Amino acid sequence: MSDPAPAPVADDSGDGAPTNSQDLTVFVQNLLEQMQSRFSQMSDAIIGRIDEMGNRIDDLEKSIADLMDQAGVEPPGEKEHTQG
């Protein structure tokens, strides 16, 4: 029986972290790029939801104004102008 070939030196941290400065630089750059990409995706999603919510609020305001017109109710703030 022959002895098996020596195993490569394993990283003690167990998380695949780099072991030298060049690997560390590449690792950090990749990590920052991933974070920037995720931040950009989340930012776009949040802005999209805010725009959608703004459109819904505009539609709701228009619906309320239409209902007030149908009911013959003056919108708030116009009474002060007509009584002035």
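Predicted model: local features only at pLDDT ≥ 70, side-chain atom pairs only at ≥ 80, totals over all residues.

**Exercise 1.** Identify which residues form a nonpolar patch on the surface, and state the accessible area of the patch.

*Solution.* The patch consists of L24, F27, V28, L31, L32 and M35. Together, these side chains and their residues account for about 530 Å² of accessible area. Take L31 as an example: L31 is located in helix α1, which covers residues 21-71. The relative accessible area of L31 is 38%, so L31 is partly exposed.

**Exercise 2.** Determine how many salt bridges the structure holds, and characterise the pair formed by E52.

*Solution.* The structure holds two salt bridges. In one of them, E52 pairs with R56, and the closest N and O atoms lie 3.3 Å apart. As to accessibility, E52 is partly exposed at 41%, whereas R56 is exposed at 58%.

**Exercise 3.** Which residue forms a salt bridge with K62, and where do the two partners lie?

*Solution.* The partner of K62 is D66, with 3.3 Å between the closest N and O atoms. K62 and D66 are both in helix α1, four residues or about one turn apart. The relative accessibility of K62 is 52%; because exposed means over 50%, K62 counts as exposed. D66, at 34%, is partly exposed.

Conventions: Residues numbered from 1 in each chain as written. Heavy atoms only, no water. Patch = residues over 30% accessible without salt bridge, like charges linked within 9 Å, V, L, I, M, F, W, Y side chains within 5 Å. Areas by Shrake-Rupley, 256 points an atom, 1.4 Å probe, with all protein chains shown as cover. Salt bridge = Lys/Arg side-chain N within 4 Å of Asp/Glu carboxyl O. Helix = DSSP H or I, 4+ residues; strand = E, 2+ residues; numbered from the N terminus. Buried < 20%, exposed > 50% of the residue type's maximum accessible area, 1.4 Å probe, protein only.
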